[in-house]
Amino acid sequence: MPAEIFGERYEFLKREEILSFEEVVRLTRIFIGFGVTKIRITGGEPLVRSDVTSLIQDLASVDGVTDLAMTTNGFLLPRYAHELKEAGLDRLTISLDALDEEVFKQMSGRPYGPEKVLEGIEAARDAGFSPLKINAVVQRGVNEQTIIETAEYFRGTSDIVRFIEYMDVGNLNDWDLSQVVSGKEVIDLINSEFPLEPVDANYQGEVASRYRYVDGSGEIGVITSVTQPFCGDCTRARLTTEGRLVTCLFATRGTDLKGPMRSGASDSELSEIIKRIWLSRRDRYSELRSANTDMTGVGSRREKIEMFRLGG
């Protein structure tokens, strides 16, 4: 949660305003009917949701879900990693922007170092999650000097670090193109220390470009939505905790599914709403941003949904 808005006076959503587990599972089954097979639980921080392992268990039992994943900051994994594995979670992605304590504090906006995250990573490994994906956002002037350290720390393990270009998500980060370290720069830097070679994508629409160490000591990835947008291959939909369908990470709004559902809409009626929204989507914000920022250096000033409501 951003420090700019999250304090002792912050008002969380009331319980009745958020989707119940039963509603999440119902909508999941409807999405499965459209060919969805991969479900990711994200946030905010998903592990602060009460009884979240029950949701994982329910989703894992849905016919058609072949890949159930979660993105987390890792702080609560020492408590939950084994429960998550037993509940049926397939994969974990853990956010870790830097190993340096002061840089980590600056990136996270909290007075904690990376120790708790590293403990969470160890707990996840111990629970049998492998490979882990480690997400590191790279911001020029803040943590680009830690790229090699992060790559080396996970080199020789089964874990895959994914370096993410700094994006203008939400409205709070005062994004500027000068703050972006391109995926190419990241690869060139790591390659100068540890030779790399490209690897084919696992599937069409995979957001990370893959590279492996030539000596066989692991794999990394770069996510380049600023310098090399991949809007045309995007197959992701997002369901917010209050039940809005969002078709782009940079969206200004979503479509309410909770209201119709609680007003008695049938599965077929909900399917029609989802179908209409998906078929009419024209999302290509990253492509448009790239064209505009070539000249101005700044991102769109339109109001976007905050990142902590959408996940990654």
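Predicted model: local features only at pLDDT ≥ 70, side-chain atom pairs only at ≥ 80, totals over all residues.

Visitor: Which residues line the largest cavity, then?

Guide: The lining consists of Ala-151, Phe-154, Arg-155, Thr-157, Asp-159, Val-161, Tyr-213, Ser-217, Gly-218, Glu-219 and Ile-220.

Visitor: And which helix and which strand each supply at least two residues of that lining?

Guide: Helix H6 (147-154) and strand S8 (219-223) do.

Visitor: What volume does the largest cavity have?

Guide: About 30 Å³. With the cut-off set at 30 Å³ or more, the count comes to one cavity.

Visitor: OK, switching to the backbone. Where are the cis peptide bonds?

Guide: Gly-43 and Gly-44 are joined by one, with omega at about 5 degrees. Ser-130 and Pro-131 are joined by another, and there omega is about -5 degrees. As background, most peptide bonds are trans.

Visitor: Where does Gly-44 sit in the fold?

Guide: Gly-44 is in the loop that runs between strand S1 (38-41) and helix H2 (52-60).

Visitor: And where is Pro-131 found?

Guide: In a loop as well: Pro-131 lies between helix H5 (115-127) and strand S4 (133-138).

Visitor: Back to the loop between S1 and H2. Which residue there has a positive phi although it is not a glycine?

Guide: That's Asp-51, with a phi of about 60 degrees. For context, most residues other than glycine have a negative phi.

Visitor: Is Asp-51 buried, exposed or partly exposed, and why?

Guide: Partly exposed, because its relative accessibility is 47% and that class covers the range between 20% and 50%.

Visitor: Let's zoom out. How many helices and strands does the protein chain have?

Guide: Eleven helices and eleven strands.

Visitor: What share of the residues counts as buried?

Guide: The protein chain has 312 residues, and 47% of them count as buried.

Visitor: What about the accessible surface, how much is there?

Guide: It comes to about 15800 Å² for the protein chain, and carbon and sulfur atoms account for 49% of that.

Visitor: Last one: of the contacts between residues at least 6 apart in sequence, how many join residues at least 24 apart?

Guide: In the protein chain, 70% of those contacts do.

Terms used
Residues numbered from 1 in each chain as written. Heavy atoms only, no water. Helix = DSSP H or I, 4+ residues; strand = E, 2+ residues; numbered from the N terminus. Buried < 20%, exposed > 50% of the residue type's maximum accessible area, 1.4 Å probe, protein only. Contact = heavy atoms within 4.5 Å. Areas by Shrake-Rupley, 256 points an atom, 1.4 Å probe, with all protein chains shown as cover. 1 Å grid on protein atoms, 1.4 Å probe; cavity = no way out; pocket = protein on both sides within 12 Å on 5 of 7 lines; lining within 4 Å. Points joined across faces, edges and corners; volume = space filled by probe spheres on them.
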